[in-house]
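Here is a short walk through one structure. Keep the model in view and follow the residues as they are named.

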Amino acid sequence: LNSNLNSIKEFNSNKLEYSINVPNEETTISINFHANSCKNIKIKMNNQIISINSFIPILLSPGKNIFEILILSENQQSETKYTILITREIKMPKIIENCSHLISLIIDNSLPVNNNNKNGN
């Protein structure tokens, strides 16, 4: 398992969980699956069969993105599940200071109503 993210460069087949943080600007990644010498294994990512040695482009949502990768042995007798959590930063909107915004707003029903308004309001 390789990724275009440097964070998974040191993949260890015995480590079953990975966690990666990416900036908000990172909207897509690609994962490339490489298998050992076994030819007839099956790879599933989120219950979808994936071809060995293929690059899979993945669109990342802001926040947590969880990918489960299941490797099935040639005889389908054993399996290994890897879990990858990719957390894409959630970008908070910037508040631009200018003079067109209220500083505060108070709503109070204890003030008397002026019924002598000459403008009809």
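The side chain of N65 reaches the backbone oxygen of G63, at 3.1 Å. This is a predicted model, so the distance is a computed one. Where does N65 sit? Its place is in strand β7, which covers residues 63–72.

Is N65 buried or exposed? N65 has a relative accessible area of 8%. That is under 20%, so N65 counts as buried. Now leave aside the neighbours within four places in sequence. N65 is then in contact with L59, L60, I84, L85, I86 and R88.

Move on to the loop between β7 and β8, where S73 lies. S73 has a relative accessible area of 16%. This value is also under 20%, so S73 is buried. Which residues does S73 contact, apart from its neighbours within four places in sequence? They are N40, I41 and S78. Take N40 from that list. In sequence, S73 and N40 are 33 residues apart. In space, their C-alpha atoms are 7.4 Å apart.

Next comes strand β8, residues 79–88. Six bridges join β8 to β2, and the two strands run parallel. At one place along them, E17 stands opposite T83 in β8.

Finally, look along β2 itself, residues 17–22. In a regular strand, side chains alternate between the two faces of the sheet.

Note on methods. Residues are numbered from 1 along each chain as its sequence is written. This is a predicted model: local features need pLDDT of at least 70, side-chain atom pairs count only at pLDDT 80 or more; totals for chains, interfaces and linings use all residues. Side-chain values use heavy atoms; hydrogens and water are left out. Helices (H or I, at least four residues) and strands (E, at least two) are DSSP runs, numbered from the N terminus. Buried means under 20% relative accessible area, exposed over 50%, partly exposed in between (1.4 Å probe, protein chains only). A polar contact is a pair of N or O atoms within 3.5 Å; within protein, one must be able to donate a hydrogen and the other to accept it, and residues adjacent in sequence count only if both atoms are side-chain atoms. Contact means heavy atoms within 4.5 Å. Two strands pair if DSSP finds at least two bridges between them.
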